[in-house]
Amino acid sequence: MSGRALLERDMVSNAKKKMDKCQDPVEKLRLQCLARGSAGIKGLGRAFRIMDDNGSRSLDMEEFSKGLHDYGVVMDNDEVETVFKLFDKDGNGNINFEEFLMALRPPMSETRKRVISDAFSKLDKTGDGVVTIADLRGTYNPKSHQKYQNGEWNEDQVFKHFLDNFDSPNNKDGKVTSEEFLNYYSGVSASIDNDGYFVVMMKNEWKL
C-alpha cells in the first residue's frame, strides 16, 4: 500500500471516529465527506451540480437539503438549516455552492497549499489547469505498477487508474482540475499534524 493510500485510510478512520462526538453541524458535514475518502467533497459537489438545473451555481434551501440527502449525508433538519444560514451571508435565500465547498475543505496552511500547487504544476505539462492522460506521459511512470508488469493493464489503463484516485467515485471523467487536486490533498492533509512532514511527503511522492 502506497504512503498516500495509508494516509487516506487513516483519514477515513479518524473521520469516522470523530463523527459520533461532533456537535458542530459544519464539522459534522465535513467529517461525513472525509469518511468517504479524499474525493468525498468533490462527490458532494457533483450532487449539488445535479440539483443546479439552471446553471446558476447556487442553491436554495430545498435544493441544498435534497443534495445532502441524495449524497447520503445524515443530518437533521435543524442542522441542515444552521449550515445553510451560515453560508447564506447576504440572507437572500441562496448559497454559492462552489464557495461552500471551498469552506468545507479542511483548513490548510499556505505552506501546504504551495507544495500541492507545485505538484499539480509538474503534472500539468500543458499548463491549461487540467491534468489528463496526455499530461501524464513522460511525467508519471506506469511501468512500476504491478498490473502493468504482469500484463493485466496497458499504459493508458495505469494512467486512468492514477487519475481516478483524485476523482469522485460517481463521476470519473479522466480529468483532474487544480481544484480537485487541492480538494483531494486537503483530505490527506487532515490526517497529518506537521507541516514539515506533509511537505516532505509531497516532495518525495512527486519528486519536487
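Which backbone nitrogen does a side-chain oxygen of asparagine 194 reach at the start of helix 12? In this predicted model, the side-chain oxygen of asparagine 194 comes to within 2.8 Å of the backbone nitrogen of glycine 196. At the other end, just after helix 12, lysine 207 has a positive phi of about 50°.

Helix 12 is made up of twelve residues, 195-206. The buried residues of helix 12 are Phe198, Val199, Met201, Met202 and Trp206. These residues cover an arc of only 160° around the axis, and therefore lie on the same side of helix 12. In general, an α-helix has 3.6 residues a turn, so residues three or four places apart point the same way.

The relative accessible area of arginine 105 is 10%; because a value under 20% counts as buried, arginine 105 is classed as buried. The side chain of arginine 105 takes part in polar contacts with two side chains, that of glutamate 179 at 2.6 Å and that of asparagine 183 at 3.1 Å. When neighbours within four places in sequence are set aside, the residues in contact with arginine 105 are Arg30, Ile41, Glu179, Leu182, Asn183 and Ser186.

Conventions
Residues are numbered from 1 along each chain as its sequence is written. This is a predicted model: local features need pLDDT of at least 70, side-chain atom pairs count only at pLDDT 80 or more; totals for chains, interfaces and linings use all residues. Side-chain values use heavy atoms; hydrogens and water are left out. Buried means under 20% relative accessible area, exposed over 50%, partly exposed in between (1.4 Å probe, protein chains only). A polar contact is a pair of N or O atoms within 3.5 Å; within protein, one must be able to donate a hydrogen and the other to accept it, and residues adjacent in sequence count only if both atoms are side-chain atoms. Contact means heavy atoms within 4.5 Å. Helices (H or I, at least four residues) and strands (E, at least two) are DSSP runs, numbered from the N terminus. The expected span of a helix is 1.5 Å times one less than its number of residues. The arc is that of the directions from the helix axis to the C-beta atoms.
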